[in-house]
Amino acid sequence: MANSQLNAIEEMALQNGTHVVNNATEYTADIDAIYVAEDTVFSSIKILGSDVKSTYLADATATIKGGVIIAPVRGSKFSGLQLTSGSVVAILK
């Protein structure tokens with residue numbers, strides 16, 4: 001990961017906080033980005049309550065490798081996520 005990307009994520013986390021999601025319960029919040037902490041399978045990634053997982057993942061059923069950052073398109077924010085397995089860090093808006 002480029003240093004500028006890491007610095008941007010760190011800055012967002014410092015400003016707004018984070019929440020670790022490591023279970024299968026849906027987590028809802030204003031989310032600026034998702035950092036995949038370990039290999040993870042998503043049940044859903046939502047914007048305005050609608051599942052947009054297939055918009056952000058080429059194969060919505062595949063395992064996403066740890067270290068990936070998922071960010072909404074400019075002007076949007078994620079409103080929730082749910083995991084099948086793994087863990088992520090929700091970087092709050």
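Trainee: In which sense do β2 and β6 pair?
Mentor: Strands β2 and β6 are joined over 3 bridges, and two strands count as paired if DSSP finds at least two bridges between them. The strand names follow DSSP runs numbered from the N terminus (helices are H or I, at least four residues; strands are E, at least two). Within this pair, Thr-28 stands opposite Gly-80 in β6. The sense of the β2 and β6 pairing is antiparallel.

Trainee: What kind of model is this?
Mentor: Residues are numbered from 1 along each chain as its sequence is written, and side-chain values use heavy atoms, with hydrogens and water left out. Local features need pLDDT of at least 70, side-chain atom pairs count only at pLDDT 80 or more, and totals for chains, interfaces and linings use all residues, since the model is predicted.

Trainee: How many bridges pair β2 and β7?
Mentor: Strands β2 and β7 run in the antiparallel sense. Val-36 has Val-88 as its bridge partner in β7. The number of bridges between β2 and β7 is 5.

Trainee: Which residue stands opposite Ile-34 in β5?
Mentor: Strands β2 and β5 run antiparallel and are joined by 2 bridges. In β5, the residue opposite Ile-34 is Ile-70.

Trainee: How many salt bridges does the structure hold?
Mentor: A salt bridge is a side-chain nitrogen of Lys or Arg within 4 Å of a carboxyl oxygen of Asp or Glu. One of them joins Asp-39 and Lys-65, at 3.6 Å from N to O. The total for the structure is 4.

Trainee: How many residues apart in sequence are the parts that Asp-30 and Lys-77 tie together?
Mentor: Asp-30 and Lys-77 form a salt bridge, with their closest N and O atoms 3.5 Å apart. Asp-30 is in strand β2 (residues 27–36) and Lys-77 is in the loop between β5 (69–70) and β6 (78–85), so the parts they tie together are separated in sequence by 47 residues.

Trainee: Is Lys-77 buried, partly exposed or exposed?
Mentor: Buried means under 20% relative accessible area and exposed means over 50%, with partly exposed in between (1.4 Å probe, protein chains only). Asp-30, the salt-bridge partner of Lys-77, has 38% and is partly exposed. At 35% relative accessibility, Lys-77 is partly exposed.

Trainee: Which residue forms a salt bridge with Asp-32?
Mentor: The closest N and O atoms of this salt bridge, made by Asp-32, are 3.4 Å apart. Asp-32 lies in strand β2 and its partner in the segment after β7 (88–92), so the pair ties together parts 61 residues apart in sequence.

Trainee: Where does Lys-65 lie?
Mentor: Lys-65 meets Asp-39 in a salt bridge. The two are in distant parts of the chain, 26 residues apart, with Asp-39 in the loop between β2 and β3 (41–47). Asp-39 is partly exposed at 38%, and Lys-65 is exposed at 51%. The place of Lys-65 is the loop between α2 (53–56) and β5.

Trainee: What is the phi of Leu-48?
Mentor: Most residues other than glycine have a negative phi. Leu-48 lies in the loop between β3 and β4 (50–51) and is exposed at 80% relative accessibility. Although Leu-48 is not a glycine, its phi is positive, at about 50°.
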